[in-house]
Amino acid sequence: MWSRQYGSDVLADGQSGRAGRRRAPREIPKVEAERGLVVEDSEGRFCGAVVSYEKGAVTLEDRHGKRRVFPLAPAAFLLDGQPVTLVPPAPAAAAAPPSERARAKVARASRIYVEGKHDAELVEKIWGDDLRDVGVVVEYLEGIDDLPAIVTRFSPAPGRRLGVLVDHLVDGSKESRIAAGVRSPDVLIVGHPFIDIWAAVRPSAVGIARWPDVPPGRPWKEGVLRALGWPPEVSAAWPRILRSVTSYADLEPELLGRVEELIDFVTVPGND
């Protein structure tokens, strides 16, 4: 699973051979992200056809049926080997046929569990429609201590896979030991690297320069609110943060990658 990382500005001026003269920026063509358009990401790591567009991002599907979500960033794709900027398709192109929109999805036997109330709410807001479209049910995991009992009760098997997103999974921790004890070919447990799901939201989306550092041993959320000068109520801060997230582009790649990995795991062909 690859995390999207964007390097230097590919539109930046280059230097010509003549002293004191700068070459004019090369104009990058803009192409509508219409269904069926075949492109590859600018790093050449994933090639596929556009299967959907929503919330400022496009989903590509390769010839093996694997799907990846990419933000619509400038010059982020290659079309016939040349850089292009994908833009939102015209309404007629973006809309799926009525029969496809109305098609009912039967829930898969496989499930995704998400630890933490805020984590689950964020996954639902950004991936909820996509997950319903592929028939995947997401359930709330109150704490990783409950995981062994959940796995036993769920009885994972081929065609009945279980994916779990865990808060801040660190090697050597109690959480990692619990996770190791329930892993199997039909159970995938991944953890994002953030101390809290708040930090998986890009600071720019929230309107801040960066997430503040909080000294070890102090409550992280309360420390963040104090440093930002926000009201101290965590219950009021989270809705404010969640409202600021409107697309995949508002989330850090490390979280995007983990969720996409879980979706791939529970929707692998033949896992119905």
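Buried here means under 20% relative accessible area, exposed over 50%, and partly exposed in between (1.4 Å probe, protein chains only). The model is predicted, so local features need pLDDT of at least 70, side-chain atom pairs count only at pLDDT 80 or more, and totals for chains, interfaces and linings use all residues. Residues are numbered from 1 along each chain as its sequence is written, and side-chain values use heavy atoms, with hydrogens and water left out.

Q: Is F70 buried or exposed?
A: The number to check is its relative accessibility, which is 5%. That puts F70 in the class buried.

Q: How are the rings of F70 and F77 arranged?
A: Rings of Phe, Tyr and Trp (its six-membered ring) pair if their centres lie within 6.5 Å; planes under 30 degrees apart count as stacked, over 60 as edge-to-face and the rest as tilted. A search of the whole structure turns up five aromatic pairs. For F70 and F77, the centres are 5.9 Å apart and the planes sit at 80 degrees, so the pair is edge-to-face.

Q: How many residues apart in sequence are the parts that W127 and Y248 tie together?
A: These two make an edge-to-face pair, 5.8 Å centre to centre with 65 degrees between the planes. W127 lies in helix α3 (residues 117-133), while Y248 is in the loop between α8 (234-244) and α9 (253-266); helices are DSSP runs (H or I, at least four residues; strands are E, at least two), numbered from the N terminus. So the pair ties together parts separated by 121 residues.
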